[in-house]
Amino acid sequence: MASVFIYHVVGDLTVGKPEMTEFYETETVEAAIRAIGESTECGIPVWRRKPLVGIENSEMRQQRFVGILNSLDIVSFLAKSECLEDQEKAMKTPVSEVVVPNGSLLRQVDPGTRLIDALDTMKQGVRRLLVHKSVVWKGMSKRFSIIYNGKWLKNNENSNSSCNSVTTNLNRPSTSSTTTVRDKFCCLSREDILRFIIGCLGALAPLPLSSIYYLGAINPNFSSIEASVPAVEATHIPPGDPSAIAVVEPALDGQLKIIGEISASKLWKCDYLAAAWALANLSAGQFVMGVEDNMTPRSLADYAVNSTAGDNNIVNGVGSTRPRKFCSRSIGFTPSSPGFSVNRGLSFGASRSMYRGRSAPLTCKLSSSLAAVMAQMLSHRASHVWVTEEESDDVLVGVVGYADILVAVTKQPAAMIPSNRSLEAFTTDIQS
């Protein structure tokens, strides 16, 4: 295991991070859309309000955490028939009616927690770390040595103590001489962890240049729907990690060819009302490809949708309501070339090779290196990358997300023995 995870603490990653502003469950969907546009991982933590009296400890603060609300949750909510009928009322709905309660997605940790211990918690499903805001570090965290001020600080504690449980380490006070701001926290996401990892690739050698197949970082258990089914079917799929559903076209040999995705990443900074209407009224293929390119003036009227617009429109828009047609541009997608048919059930193969901009799914190959996949995710601010076959650009075999990368970079050397299976055998297993 790379020493960089042992000799760094969570507090090292909080330098320069802004103070967290709690977003309460009583806030409206309209306010949540604005907040999500400025968030990481396309979602925001949702909290219950603080008690009026008394001093709040870490356990009480943890109990106030409700869950994480992302862009796909909001679009799915706005796609409901009652919300489409009265969009203004839907936008004023408190987020407590939208967010999926899950208190296990966030954990408060001490700034002196070893980074390796924090990664272990994230591998178990935690997506956010709540950390006291650190100003200055002048020492070492308990149980290990670390370089500060250009010299090694000696650790006199028995090395056998490393066998203690991760849970104990997370909340144990640090012996570091640190300056923290009382009652001020910052929130670390898995994206922040990934940025730290990609900044020290040399210390992780040879992992970064190893293929995701070799590292076992490919998750074959992904969610998908066929392009010909209604897009709203994506909202019936249980939420997963990553929060993404592949839109696929089945081939005659049983393979799945990806043509797009319905995900929190793609909907992050979209026109939420237009996306909600499209989700409720179009097929999955139409939703990810766009339908405006070869539509006649008469057919445009059939796709009219009440969407908010105004000079203060930031993400979804808050202002006067006027009729507006749906197009892939309005939900953040760049349109494809002419030739896409709006008739459900027709083959999407003709337009799959044409330029589709942001609507095109982010993909990599089985042989892609871990460093390349991490760079893709960070440059596109994506929570995942779809994995395709070596000989094809669209035959889907799996997905790589934050959790898969965290597992890969913390594997013990003994767990990375090259597999006897070839890439072809892996692909065959996926299809079967």
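Modeller: Happy to! First, a naming rule: helices (H or I, at least four residues) and strands (E, at least two) are runs assigned by DSSP, and they are numbered from the N terminus. Keep in mind too that this is a predicted model.

Let's start with the largest pocket, whose volume is about 860 Å³. Its lining is made of 40 residues, and those closest to its centre are Asn 70, Asp 73, Pro 239, Gly 240 and Ser 243. H3 gives the most, with 4 residues.

Now for the strand, E15, which spans residues 384-388 and has 5 of its 5 residues buried. His 384, Trp 386 and Thr 388 lie on one side, Val 385 and Val 387 on the other, and both faces are covered. E15 has a parallel partner in strand E14 (residues 363-365), joined to E15 over 3 bridges. There, Lys 365 stands opposite Thr 388. To get from E14 to E15, the chain passes through helix H13 (residues 370-379), making a right-handed β-α-β crossover. E15 also pairs with strand E16 (residues 396-401), this time in the antiparallel sense and over 5 bridges. In that pairing, look for Val 385 opposite Val 400.

Technical notes:
Residues are numbered from 1 along each chain as its sequence is written. This is a predicted model: local features need pLDDT of at least 70, side-chain atom pairs count only at pLDDT 80 or more; totals for chains, interfaces and linings use all residues. Side-chain values use heavy atoms; hydrogens and water are left out. On a 1 Å grid over the protein atoms alone, a cavity is a set of points where a 1.4 Å probe fits but cannot get out, and a pocket is an open set with protein on both sides within 12 Å along at least five of seven lines; lining residues have an atom within 4 Å of a point. Grid points are joined across faces, edges and corners, and a volume is the space filled by probe spheres set on the points. Buried means under 20% relative accessible area, exposed over 50%, partly exposed in between (1.4 Å probe, protein chains only). Two strands pair if DSSP finds at least two bridges between them. A crossover is right-handed if, with the strands pointing away from the viewer, the path from the first strand over the helix to the second runs clockwise.
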